[in-house]
Amino acid sequence: MSGLAGLFGEPFLRYAFIAGAAIAAASGLSGYFVVLRSQVFTGDALSHVAFTGALAALAAGADLLVGLYGACVLVALAMAALGPRGRADDTVIGSVFAWILGLGALFLSIYTTSAAGTNATSGVNVLFGTIFGLSAAQAVIDSAVATCVCVVLVFIARPLLFASIDESVARARRVPVRLLGTVFLGLVGVTAAAATQAVGALLLLGLLAAPAGAAQRLTARPFRGIWLSVTFAILSVWAGLLIAYAAPKIPPSFGILAVATGIYLTAIALTANGRRALGV
Amino acid sequence: MIGAAVASTVLEGSRLSWNIVADIRQLFLFSFMVNAFRAGTIVAVTAGALGWFMVLRRQAFAGHTLAIVSFPGAAGAILIGISVVVGYFAAAIAAALVIAAVPRSPGGRARTSESAIVGTVQAFALACGALFVSLYGGFLSGLTGLLFGSFLGVSPGQVDALLAVAAAALAVLGVIARPLFFASVDQDVAEARGVPVRFLSGLFLVLLGCAAAEVSQITGALLVFALLVMPAATAQRVTARPMASFWLTIAVGLVVVWLALAAAYYSVYPVGFFVTTFGFAAFVIAAAGRTAASRSGRVRVPAHAGLTP
């Protein structure tokens, strides 16, 4: 018990736990819809855009957050606009984000050779996250942004579910399918930008895909699945943080992803005989 | 004569002049550039051939994941002190088998569950890479090389290894090309005709993993995907005929890699940036040309007609 008190006595751990939980909730919530709408590849693309956005801001000498959020939201909206019915073709997404990542490599090289960035750690931090390095201000911003994403998503959850599961019927019932798709991708972009600070641009895809994938294997009921997905995500982040705290050699991002992957594997094992574990 | 040219090049540095012949000759003066061009050629052909099938089968996401997996492979190999090349191929093939082996989700929606699995494999693999790097400690500059590539350190032995793996992968692809094409275009009919669809798709993923492992040794783990997807996406926008677009894919890949290596030689910026930029330029030109052609009233085959599974 005293160990636990000591754990939360450290300010950087408190920030990590609070901001981590908010980011995990936003990722689990939006991830559920990402998986349901078969847009995991789009999430993958956004996570790479986050890297380029952050590095572009660093290379230009601007604030990292501006580049991060700006790039993620812009590209998310562009992808919604490009694709038919708000969903772009795989090869188009792939070509665009591979090129954006190439730009990221360019910005990294500009940044590391410039006077401002004599150490390459910032680039690596963007890629793999620094949740233990969050400052109080960053933790507050990330938590607030992630909470806003959660609130908006809960607000549009019902029509978005309808539009995701049966688009043509939803359209006939005058659900604004296209607008919902665009707003949703924008929210995923914001989530990606917030999660980049915590788990890094390369790993946030795991927070989107693994808890949601596990939840959808365990239950077909949408709202039960959504809460399950959020719970798994928060559980992964907290358990991962504890692992990283106990074993300092292990980066927190790895702990988080290891727990999330473990949960997914367990879900696969439980449903391997062809049944869903928690009712239909 | 050549000795004088080398000396003058070394003195002047690598500078672009208006004399194209001299520029091209200067490119091949150093053996590391010759090795880079050899490796780049092998890599472009392999990535083009496998990437064409990848785009046809709509497995871009799986291809991207296999590409990324080479990073933890290489980092793990460095950590335990074995050859990096072994690490690249072992990781890519293992990931291909995992993606192929996971059971389909109950109640249909195979595509949905598959994409969640692919995403999880990718993120977990990258997390493992971060762990290996952290355990090994202090190879930050090497990390950037693994992620974003470097063509400077290609050894003749590495070129031989690339050539051997590419020849094996392309030979297997040649044997299974016809049934694989059938299974990709119309899976149900192929299955009814007794084509082993599941086996072919697993084997294809392994081949794709090999190609990804090859490419990542030049472009770095994060940019492999550009060479897999961009030439194929370009070619399929130019023509809908399978054979024509297959050869066009390989041609586009070769031109992109050669131009990128030359550009990287004459500038200070990374080769990965040039590979992705030239590839994307080809794609944009092809897409724009297609739009212009259909606007001008020449009725053409719709996008992917005859190729859509």
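Author: In chain B, helix H3 (residues 31-56) packs against helix H11 (residues 224-238) at an angle of about 65 degrees, and their axes lie 7 Å apart. Helices are DSSP runs (H or I, at least four residues), numbered from the N terminus; axes are lines fitted to C-alpha atoms over the stretch in contact, and angles run from 0 to 180 degrees between N-to-C directions. The crossing of H3(B) past H11(B) is right-handed, that is, the near helix is turned clockwise from the far one by less than a right angle. On the side of H3(B), the contact includes B:Val43, B:Ala47, B:Gly48, B:Gly51 and B:Trp52, while H11(B) contributes, among others, B:Leu228, B:Pro231, B:Ala232 and B:Gln236. Contact here requires C-beta atoms, placed from the backbone, within 7 Å. The residues of this contact comprise 13 nonpolar, three polar and no charged; Ala, Val, Leu, Ile, Met, Phe, Trp, Tyr, Cys and Pro count as nonpolar, Asp, Glu, Lys and Arg as charged, and the others, Gly among them, as polar.

The model is predicted: local features need pLDDT of at least 70, side-chain atom pairs count only at pLDDT 80 or more, and totals for chains, interfaces and linings use all residues. Residues are numbered from 1 along each chain as its sequence is written, with chains lettered from A and ligands numbered from 1 in the order in which they are written.

H11 of chain B is also among the elements that give two or more residues to the side touching chain A. That contact takes 48 residues from chain B and 48 residues from chain A. H6(B) gives the most to the chain B side, with 18 residues.

Notes. Two residues are in contact if their C-beta atoms, placed from the backbone, lie within 7 Å.
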